[in-house]
Amino acid sequence: MESVLKTLNDTLATLDPTKWLSALFIFLVGLLIARLVRVALSKSTWLHPQHRIVTARFAGYVIMTIAVAGVLNQFGVSISALLGAAGILTVALGFAAQTVASNMLSGIFLMGEQPFVIGDYVEVAGTGGVVTSIDLLSVRLQTLDNILVRIPNETMLKSNVSNRTHYPIRRLDLPVEVHYRSDLDEVERVLMEVTHNHPLCMESPEPWIRFMEFKDSGILVQIQVWTLTTNFLRLRSDLLKAVHKALGEASIEIPFPQRTITFAKDENDAPSD
Amino acid sequence: MADWNQSISLETGKSVPINLGDFEANLSKELGQWKLTEPEQQHRFVSEATELFLRPRLADRPLVFRANEPVVLGPGNSFTTYVRSAVWLTVWLEDICYLETPTIRPSDTWFGPPTSDGELCYAARTGLRLGLEEPNAPKNFAVTPLEVVNEAHESLTIAQLKIPAPELSTYIDDDSNLWTTSIVLKAKSEEFAEISAKSGAPRKDVELVSRPRATSASGLVRSFMSTVGLARNQ
């Protein structure tokens with residue numbers, strides 16, 4: 001490394017202006033080509049959208065490395081000496097940058113596997129958000145309350161990732177309890193009518209009403225409907241309102257927890273040990 | 001009373017009711033603008049145009065008609081039926097479309113398996129009924145003449161049927177009834193079928209009011225049952 005610096009120092013002292021100009025020309029041409037290639041790759045249609053940014057950056061770095069090598073060559077710096085120095089440097093950096101290397105490898109695997117793409121809503125390690133970028137080192141999520149979360153690729157690869165928007169349609173489950181006195185056939189009819197009357201509830205796959213369990217206060221009914229993934233939150237809110245209204249209009253009671261407390265009149269009524 | 005494809009001219013401050021089948025609204029003219037008032041929403045169109053047109057357009061997704069009961073079609077047999085689908089209302093001022101809104105919002109439905117392989121469609125409000133009589137459709141419904149031919153060697157059970165509504169033209173007859181391009185669906189085997197639109201108007205006494213939203217590169221001819229739209233009972 002010292003010899004390279006010494007060579008560079010000596011060369012700079014004795015360099016003629018034409019070599020300066022040549023070096024500058026090579027650098028500017030490299031810069032221009034790198035920029036053009038980056039723009040072309042980032043707008044290319046044959047590359048997957050989430051690969052464009054990384055590929056464009058990588059190509060830009062390679063071209064600029066070649067340009068810088070060309071500049072150094074003008075100053076008489078031997079590329080082989082540089083490469084030798086770079087080799088030693090790489091080994092040293094390798095030990096220090098294991099995490100970076102791990103994240104980069106994980107990033108490459110993620111790009112190949114594509115469990116999610118930019119724009120998907122994912123949940124990972126307790127955090128949910130829309131994927132805004134997938135880079136070599138990390139994935140960036142924008143949470144629903146507009147917070148940027150950066151998750152290292154290694155974490156993404158090791159953790160369970162739930163992609164909420166991978167499929168175009170989703171099933172919405174809405175549990176509701178009805179009173180034990182309710183006519184269950186009438187409950188089924190009313191709830192089915194609610195699902196048929198809402199245009200965002202898909203008719204196929206068909207809505208599904210099932211009585212699930214005897215609970216403390218009433219009978220648990222499960223409403224299952226399918227909807228477009230993009231309509232999921234809106235439908236959940238709409239359906240809850242519509243179910244509440246329809247049950248109320250049909251005089252079907254939604255029970256709330258109740259406890260019957262009996263007070264002992266005298267000692268004889270009190271429970272014995 | 002405003003009707004399909006007729007010039008509507010109003011003086012400022014005047015209004016006219018719109019009653020197109022199940023779709024009811026009120027159209028009024030104010031200073032420098034038109035106003036369409038639906039029961040639950042209102043639309044304003046800023047334009048100096050003196051006349052306005054209401055034109056129908058077919059749905060922006062395919063429509064799925066479910067048979068009330070599965071229909072079994074023997075080999076070599078065919079039937080013709082008429083299916084009705086609710087149209088979208090479009091408002092035109094000086095040849096510019098200012099609004100497009102469904103006269104009835106059909107329910108969403110999914111045609112195919114619940115993964116990315118299926119297709120988002122609308123569920124038609126009316127089922128698939130067999131019968132040769134031409135239906136007396138409300139004014140906000142268009143009628144599609146449909147012929148199904150079973151050219152396969154096996155019988156065909158039809159549970160539901162998908163109509164490529166965005167690829168069909170809309171026509172109007174002298175009585176303001178709406179019609180669409182006629183469709184022929186030929187089942188070639190258990191797996192293959194082709195759907196094609198008959199060229200020209202479905203009847204003699206009709207006039208074209210809306211061109212298709214989309215045109216199929218293959219001239220509406222497709223193969224594979226799943227893309228054509230026949231589906232057996234699950």
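Analyst: The domain bounds used here come from an automatic or database domain assignment. The model is a predicted one.

User: Which domains does the assignment give for chain A?

Analyst: The bounds are taken from that assignment. For chain A they are domain 1 (2-96), domain 2 (115-163) and domain 3 (169-249).

User: How many residues does each of domain 1 and domain 2 of chain A bring to their contact?

Analyst: Contact here means heavy atoms within 4.5 Å. On that cut-off, domain 1 of chain A gives five residues and domain 2 of chain A gives six residues.

User: What area is buried between domain 1 and domain 2 of chain A?

Analyst: Between domain 1 of chain A and domain 2 of chain A there are zero salt bridges. The rule also finds zero residue pairs in polar contact across this interface, with both residues at pLDDT 80 or more. On the side of domain 1 of chain A that touches domain 2 of chain A, the classes are two nonpolar, two polar and one charged residues. Carbon and sulfur atoms give 61% of the buried area, which is about 460 Å².

User: Which three residues of chain A supply 39% of the area that chain A buries against chain B?

Analyst: The contact between the chains takes 16 residues from chain A and twelve residues from chain B. About 1200 Å² is buried between chain A and chain B, 60% of it from carbon and sulfur atoms. The three that supply 39% of the chain A share, more than any other three residues, are Pro199(A), Glu203(A) and Ser204(A).

User: Which side chains meet in a salt bridge?

Analyst: Across the interface of chain A and chain B the rule finds five residue pairs in polar contact, both residues at pLDDT 80 or more. The side of chain A that touches chain B has ten nonpolar, four polar and two charged residues. The count of salt bridges between chain A and chain B is one. At 3.3 Å, N to O, the side chains that meet in a salt bridge are those of Arg66(B) and Glu206(A).

User: What is the volume of the largest cavity?

Analyst: One cavity of 30 Å³ or more is counted. The residues lining the largest cavity include Leu63(B), Ile104(B), Arg125(B) and Phe141(B). By class, the lining divides into seven nonpolar, one polar and one charged. The volume of the largest cavity is about 50 Å³.

Key: Residues are numbered from 1 along each chain as its sequence is written. Chains are lettered from A and ligands numbered from 1 in the order in which they are written. This is a predicted model: local features need pLDDT of at least 70, side-chain atom pairs count only at pLDDT 80 or more; totals for chains, interfaces and linings use all residues. Side-chain values use heavy atoms; hydrogens and water are left out. On a 1 Å grid over the protein atoms alone, a cavity is a set of points where a 1.4 Å probe fits but cannot get out, and a pocket is an open set with protein on both sides within 12 Å along at least five of seven lines; lining residues have an atom within 4 Å of a point. Grid points are joined across faces, edges and corners, and a volume is the space filled by probe spheres set on the points. Ala, Val, Leu, Ile, Met, Phe, Trp, Tyr, Cys and Pro count as nonpolar, Asp, Glu, Lys and Arg as charged, and the others, Gly among them, as polar. Buried area is the accessible area (1.4 Å probe) that two parts lose on being put together, summed over both. A salt bridge is a side-chain nitrogen of Lys or Arg within 4 Å of a carboxyl oxygen of Asp or Glu. A polar contact is a pair of N or O atoms within 3.5 Å; within protein, one must be able to donate a hydrogen and the other to accept it, and residues adjacent in sequence count only if both atoms are side-chain atoms.
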